[in-house]
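Subject: Handover of a model, with notes on what was found

Dear colleague,

I am passing a structure on to you, and below it you will find my notes. Please read them side by side with the coordinates.

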Amino acid sequence: MTTIKGIDVSHWQGAINWGKVAKDGVKFVFIKATEGTGYSKLSYFKENAPKALAAGLKVGAYHYAKFATVAEAKAEAAYFLNSISSFGLNYPAVLDLEENKKKAKKKTLTDAAIAFLEAIEDAGHTAMLYTGKSFLENTLDESRLKKYALWIARYNSTLGRSADIWQHSDSGKINGIGTKVDLNVAFRDFTETVNTVNPPNTSSTTKNTSTTTYTVKKGDTLSLIAKKYKTTVKALVSLNGLKDPDKIHIGLKLNVSGSASTTNSTKKYHTVKSGDTVSALIKKYGSSTSQIKIWNSLKNIDKIYVGQKLRVK
């Protein structure tokens, strides 16, 4: 079986000479972008992703999950997607789920994982789950996650199961990197199937791509916060995965980056799920029947199928 050599890095790897990495036979890299709903090392991703792309590597991003519920997962997904939106990534966007410190039940944690992965797909990325072999088989309901690309960590001489990517070592040596680094082999060539999500046109979108966190105070409403940060209530709801915009509590930390607002030039995709209809998608995304029909070359607007990826905005 042909395999493809890759690595994954975070701020622990420090400064990297991406030209040397590419010459050492590395074809792809996943760079840590975010963790939870706030990450002080986000600048590392923003600095290194463009350099890795310029060196000719396939570049994906990963998010280290802290969630235990669907609501928390949606908030983390919004933060992750907002943070990587200005980069033309050409490899999967990854949910790194390897802890369950809040002792969530298997169904609850799997529901949350699916909510996060669906958000990745809805943004147009190829969604991938990274986790440990034991964690997947014992803490999650693997049967419900089979549709997503899978990246498994197991430091052993054999993987012992099927997966798309195997992280087989956390102590590798690669030219251009001064520390030990995780080593991976891909059994699937994502270059043929991955969705490359181009960054938004900065001439027609908000130029501020930094993420700001605001702590809710007494008397605050979403409309007041939106006005203060020159964004919209809808953007805040989306960015933070809020179920009820009228229910925010004192002490709640909200991501309020102005870059959360969207424009008509930003493409958005939706993977059809059981029960979806075009009319429901139009209502959800604010598009029109004719737009969805043209964007997706649909002959019959009433015939869409589960798993179909549709442009909806």
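I begin with V9, which, residues up to four places away in sequence not counted, touches I16, W18, V29, F30, I31, K32, Y44, Y62, I177 and V181, where contact means heavy atoms within 4.5 Å. Please bear in mind that this is a predicted model, in which local features need pLDDT of at least 70 and side-chain atom pairs count only at pLDDT 80 or more, while totals for chains, interfaces and linings use all residues. Residues are numbered from 1 along each chain as its sequence is written, and side-chain values use heavy atoms, with hydrogens and water left out.

V9 also belongs to the largest nonpolar core, which has 56 residues, and V9 is listed with I7, W18, I31 and L97 as the members that touch the most others. A nonpolar core is here a set of buried Ala, Val, Leu, Ile, Met, Phe, Trp, Tyr and Cys residues joined through side-chain atoms within 4.5 Å, and buried means under 20% relative accessible area, exposed over 50%, and partly exposed in between, with a 1.4 Å probe and protein chains only. Helix α4 gives the most to this core, namely eight residues. In soluble globular proteins, nonpolar side chains tend to be buried together.

Beyond residues up to four places away in sequence, I16 touches V9, V21, Y44, N48, G176 and I177; of the pair I16 and G176, the C-alpha atoms are separated by 5.7 Å although the residues are 160 apart along the chain.

As for the overall picture, the protein has nine helices and 12 strands, both taken as DSSP runs (H or I, at least four residues, for helices; E, at least two, for strands) and numbered from the N terminus. Buried residues account for 49% of its 313 residues, and of the contacts between residues at least 6 apart in sequence, 66% join residues at least 24 apart.

Eight strands close into a barrel in the order β1-β2-β3-β4-β5-β6-β7-β8, with mixed pairing, two strands being paired if DSSP finds at least two bridges between them. Neighbouring strands of this sheet are turned by 30° against each other on average, direction ignored. Strand β4 (residues 93–96) runs parallel to β5 (residues 127–132) and is joined to it by four bridges; A93 has A127 as its bridge partner, and D96 stands opposite Y130. Further along, β6 (residues 149–153) and β7 (residues 165–172) pair in the parallel sense over three bridges, with I152 opposite W166, whereas β7 and β8 (residues 181–186) pair in the antiparallel sense over five bridges, with W166 opposite V185.

Which way do the residues of β5 point? A127, L129 and T131 point one way and M128, Y130 and G132 the other, and all are buried.

In strand β3 you will find K58, which counts as partly exposed because its relative accessibility is 28%. Neighbours within four places in sequence left aside, K58 is in contact with K27, F28, V29, N90, Y91 and T191, and from K58 to Y91, 33 residues apart in sequence, the C-alpha to C-alpha separation is 5.8 Å.

Turning to the helices, α4 (residues 106–122) lies across β3 (58–64), β4 and β5 and runs at about 170° to β4; axes are lines fitted to C-alpha atoms, for helices over the stretch in contact, and angles run from 0 to 180 degrees between N-to-C directions. Helices α3 (residues 70–84) and α7 (residues 233–240) pack at about 105°, with their axes 6 Å apart, and are therefore roughly perpendicular to each other, a label given to angles of 65 to 115 degrees. Their contact is made by A75, A78, Y79 and N82 of α3 and by S238, L239 and N240 of α7.

With kind regards

Conventions
Parallel < 35°, antiparallel > 145°, perpendicular 65-115°, else oblique.
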